[in-house]
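I've opened my notebook on a new structure.

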Amino acid sequence: MLARHGVVLNFTCMEMKDREQPDHADCSPEGLVHQVKMATRIAGAELAGENALERYDADAYAQVLLTSQSDSGNGLAAFTFLRLNKKLFDGDNWRQLVEFVRSMSEGGRRQRLSDSDSQGSDLYVGHIKEIQKTEQEQDIILV
């Protein structure tokens with residue numbers, strides 16, 4: 001039914017790994033994601049994903065990249081990053097998010113960014129420049 005109507009199924013826990021779950025939970029988030037990926041592929045529906053937990057670490061991003069890829073045509077159509085908050089800008093979290101977003105935009109095959117930005121990344125700075133440009137244009141319009 002989803003495929004017939006062009007609906008994209010959005011599923012959670014894309015960042016979760018089996019080995020990170022407590023033994024007493026007796027669960028397999030990786031297995032569950034795999035089942036959903038196979039079901040959407042068989043049904044001819046598209047699958048999107050999102051994170052279930054508030055995590056900003058490289059392991060979580062790597063797991064999302066892994067689940068987003070597919071050589072058999074059932075990768076993720078989109079990914080929603082939940083829990084954007086102040087912690088995202090703490091320590092190394094922002095740089096890791098930038099690396100993750102770039103990897104996702106390149107099909108999950110981008111190499112890791114270096115610890116210092118020697119290439120002059122403009123992902124964040126470009127946004128500031130656009131805002132400043134817009135404010136300047138507004139000043140010109142007001143004059």
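The entries below go from the overall layout down to single residues.

**Entry 1: the overall layout**
Before anything else, I noted that this is a predicted model. I looked up the elements and found 4 helices and 3 strands in the protein chain. Reading from the N terminus, I wrote down their order as β-α-β-α-β-α-α. Then I checked burial: 31% of the 143 residues count as buried. I also looked at contacts between residues at least 6 apart in sequence, and 70% of these join residues at least 24 apart.

**Entry 2: strands 1 and 2**
In which sense do strand 1 and strand 2 pair? I found them parallel, with 4 bridges between residues 8-11 and residues 46-50. Picking one spot in the pairing, I saw Asn 10 standing opposite Ala 48 of strand 2. I then followed the chain from strand 1 through helix 1 (residues 29-43) to strand 2, and the three make a right-handed β-α-β unit.

**Entry 3: Glu 50**
I stayed in strand 2 and picked Glu 50. Is Glu 50 buried or exposed? It counts as buried because its relative accessibility is 19%, and the cut-off for buried is under 20%. Next I listed its contacts, skipping neighbours within four places in sequence. Glu 50 is in contact with a run of residues that includes Asn 10, Phe 11, Thr 12, Cys 13, Met 14 and Glu 15. Phe 79, Thr 80 and Leu 82 are on its contact list too. For Met 14 I also looked up the spacing: Met 14 and Glu 50 are 36 residues apart in sequence, yet their C-alpha atoms are 6.0 Å apart in space.

**Entry 4: Thr 80**
Thr 80 is found in strand 3. Not counting residues up to four places away in sequence, Thr 80 touches Asn 10, Gly 49, Glu 50 and Asn 51.

**Entry 5: helices 2 and 3**
Which residues of helix 2 are buried? I got Ala 60, Tyr 61, Gln 63, Val 64, Leu 65, Thr 67 and Ser 68. Their cover includes helix 1, strand 3 and helix 3.

Helix 3 came next, residues 93-105, which makes 13 residues. From first C-alpha to last it reaches 18 Å, close to the 18 Å expected at 1.5 Å a residue. Its buried residues include Asn 93, Arg 95, Gln 96, Leu 97 and Phe 100. Among the elements covering the buried residues of helix 3 I noted helix 2 (58-68) and strand 3 (76-80).

How many cavities of 30 Å³ or more turn up in a search of the whole structure? I found 1. The largest cavity holds about 40 Å³ of space. Helix 2 gives the largest share of its lining, 3 residues. In the lining I spotted Ala 60, Tyr 61 and Val 64, which I had already written down as buried in helix 2. Phe 100, from my helix 3 notes, lines the cavity as well. Other lining residues include Glu 15, Asn 51 and Phe 79.

How values were computed
Residues numbered from 1 in each chain as written. Predicted model: local features only at pLDDT ≥ 70, side-chain atom pairs only at ≥ 80, totals over all residues. Heavy atoms only, no water. Helix = DSSP H or I, 4+ residues; strand = E, 2+ residues; numbered from the N terminus. Expected span 1.5 Å × (residues − 1). Buried < 20%, exposed > 50% of the residue type's maximum accessible area, 1.4 Å probe, protein only. Contact = heavy atoms within 4.5 Å. Pairing = 2+ DSSP bridges. Right-handed = clockwise from strand over helix to strand, strands pointing away. 1 Å grid on protein atoms, 1.4 Å probe; cavity = no way out; pocket = protein on both sides within 12 Å on 5 of 7 lines; lining within 4 Å. Points joined across faces, edges and corners; volume = space filled by probe spheres on them.
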